[in-house]
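Me: I have a protein model open and would like to learn how to read it. Can we go through a few features together?

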Amino acid sequence: MKALVICVYMGPLPNYFALWLRSAAANPLVDFLLVCDHPPSQSLPCNVSCKSTELEQLRQLWSEMAGFPVALTSPYKLNDFKPLFWRLADDLNRYDYWGYCDLDLLFGDLAPLLDRTLGHFDMILSEGHLRFLRNDARTRNAWREIITPRRWQDILADPANYGMDEHHGINRVFAGSDRSWFADSGMIADIDPNFRQLRLLPCFKNYTVQAFVWDNGKLFRERYHDGRYWRDEFLYIHLQKRRMALELACLDALSIDIGPTGFSNRLSTESDRSAVAARNPWYLPNLPEMRILVREGLRRGLGKPSSFASVGVVSG
């Protein structure tokens, strides 16, 4: 089975776009379509294509689909239109699944997930930064069933962002229907932008000594726990709202350290505690970080769901 993942990005491409391309090329089971207004200057891997457009052209296209003028005046509003991205593909009939993704991430190895789930679920994954949907008429038009927090018509006509692409939109449609859905947020290294250290969102387990590495197409977290070295594999790492410097050597490196402020060529294979700690330094929480930790701790103590992410497997 084959999948097409579509990314729409308005404005200059991120400075580490070349790394995104490398991680996409390492997943030949998936084709990627980048729709943008600043076409990349570098050559693209064989599984990545590019289509040039403008925000106003997208607004007109989706207005035709919706049957009324939609409010698309800023790139951030594109999040609400992700369930409509399939309309941007010229050859969608070639694919069994389509999906959408962001550019502020690096893919690890997606093959184990797709081998298990393609053909068995109507929707795969739960976050707006990457998901896959079955390419059939009912699933392509699931966005027309969104009624909370507002009707889809009201959301698309409002310039504010409602997150129709995930928890407050399409996820509620799938959770409340007979559609099948595989979702496990624990498979994603979703990095909290509110912390200086690279930390997963507070609903997930973090460690004082932990670091992240892209290693020849796979994404790992290294950590120390109970005096032992562990390595956890993730589908991808999401680096939202974080400025990341890029060493040019990373463009050819087999292993890339992902630090709090940038990417660097891994020159040492040392995995002792001090080496791992140096790659992602731990800081005593400052006041904003402490507030987040306390708030999440209180929510867990009261038995309330985390305010950050959905966790677990959902299937129909």
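Me: How many residues does helix H2 have, and what span is expected at 1.5 Å a residue?

Reply: Helices here are DSSP runs of H or I with at least four residues, and strands are E runs of at least two, both numbered from the N terminus. The expected span is 1.5 Å times one less than the number of residues. H2 (residues 55-66) has 12 residues and spans 16 Å from first to last C-alpha, close to the 16 Å expected. This is a predicted model, where local features need pLDDT of at least 70, side-chain atom pairs count only at pLDDT 80 or more, and totals for chains, interfaces and linings use all residues. Residues count from 1 along each chain as its sequence is written, and side-chain values use heavy atoms, leaving out hydrogens and water.

Me: Which residues of H2 are buried?

Reply: An α-helix has 3.6 residues a turn, so residues three or four places apart point the same way. Buried means under 20% relative accessible area, exposed over 50%, partly exposed in between (1.4 Å probe, protein chains only). In H2, the buried ones are Leu55, Leu58, Leu61, Trp62, Ser63, Met65 and Ala66. Their cover includes strand E1 (3-9) and helices H3 (78-81) and H6 (152-156). After H2 comes Gly67, with a positive phi near 90°.

Me: Which way do the residues of strand E15 point?

Reply: In a regular strand, side chains alternate between the two faces of the sheet. In E15 (residues 255-258), Ser255 and Asp257 point one way, Ile256 and Ile258 the other, and all are buried.

Terms used
Contact means heavy atoms within 4.5 Å.
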